[in-house]
Amino acid sequence: MSKVVKSQLFMLLAMLFAIFIWGCGYRSRSDLLGHINSVTVSPIANETVEYGLEDDLADAIRQEFSRRSGWGEGTDSVFTGSIRRYRLLIISLDQNNQPEQYRLVLEMSFVFEDLKRNKVLLNEKNYEKLHDFYVVPDRGEPPETLKEAKQKLIEEVAEEIVSNIVEEW
């Protein structure tokens, strides 16, 4: 192959690679949120009877914003939310009709607003997160108490919500 052909082939491959990278659909929200340096996590409304769930979730969301984006408390943006439903369901019973596995379900709505540009960036009306857990050993996963399962659910919700805000595919 001549040097000219190799050079043209290299340029073609480089252009195709660039088109693929720019057109693949991945976009970091840091481009869209670069002007935001802080977030206020407003008190989360709790329409359930689970006392303290809203405070634990708000704290977890604050920590996740700080961890993922470095944003501290401030007025560049605001996160507001409302927990509509929190349920504990039995998934499976043992031979004595005693629960072996449960499912926690958290349903909520939330809004993330850019206050600097006065724009709603995310408005989720029907967010739902499930966390299944065993309360007995030898089921392939370590058993969890309800308290541990609730904490894991809160952490998973915070991670997923903040990830959806800070990153976009």
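Trainee: Which residue in S4 is the bridge partner of Thr40?

Mentor: In this predicted model, the partner of Thr40 is Val78. The bridge belongs to the pairing of strand S2 (residues 38–41) with strand S4 (residues 72–93), which is parallel and runs over 4 bridges.

Trainee: In which sense do S3 and S4 pair, parallel or antiparallel?

Mentor: Strand S3 (residues 45–46) pairs with S4 in the parallel sense, over 2 bridges. Asn46 has Ile83 of S4 as its bridge partner.

Trainee: What unit do S3, H3 and S4 make?

Mentor: S3, H3 and S4 make a β-α-β unit, and its hand is left.

Trainee: How many bridges join S4 and S5?

Mentor: S4 and strand S5 (residues 99–114) are joined by 15 bridges, in the antiparallel sense. To follow such a pairing, one may look at individual partners. Leu89 has Arg103 in S5 as its bridge partner, and Phe79 stands opposite Phe112 in S5.

Trainee: How many residues lie between S4 and S5 in their hairpin?

Mentor: There are 5 residues between S4 and S5, and Asn97 in the turn has a positive phi of about 60°.

Trainee: What is the sense of the pairing between S5 and S6?

Mentor: S5 pairs with strand S6 (residues 119–134) in the antiparallel sense, over 13 bridges. Glu107 stands opposite Glu128 in S6, while Leu104 stands opposite His131 in S6. The hairpin of S5 and S6 has 4 residues between the strands, and Asn118 takes a positive phi near 50° there.

Trainee: Let us turn to the helices. At roughly what angle do the axes of H3 and H4 cross?

Mentor: The axes of helix H3 (residues 53–69) and helix H4 (residues 146–166) cross at roughly 45° and come within 8 Å. Angles under 35 degrees count as roughly parallel and those of 65 to 115 as roughly perpendicular; H3 and H4 are therefore oblique to each other. The crossing of H3 past H4 is right-handed.

Trainee: Which residues of H3 and H4 meet?

Mentor: From H3, the residues in contact include Leu57, Ala60, Ile61 and Phe65, and from H4 they include Ile154, Val157, Ala158 and Val162. Charged residues also take part, among them Asp56 and Arg68 in H3 and Lys150 and Glu159 in H4. By class, the contact has 11 nonpolar, 2 polar and 5 charged residues.

Key
Residues are numbered from 1 along each chain as its sequence is written. This is a predicted model: local features need pLDDT of at least 70, side-chain atom pairs count only at pLDDT 80 or more; totals for chains, interfaces and linings use all residues. Side-chain values use heavy atoms; hydrogens and water are left out. Axes are lines fitted to C-alpha atoms, for helices over the stretch in contact, and angles run from 0 to 180 degrees between N-to-C directions. Angles under 35 degrees count as roughly parallel, over 145 as roughly antiparallel, 65 to 115 as roughly perpendicular and the rest as oblique. A crossing is left-handed if the near helix is turned anticlockwise from the far one by less than a right angle, and right-handed if clockwise. Contact means heavy atoms within 4.5 Å. Two strands pair if DSSP finds at least two bridges between them. A crossover is right-handed if, with the strands pointing away from the viewer, the path from the first strand over the helix to the second runs clockwise.
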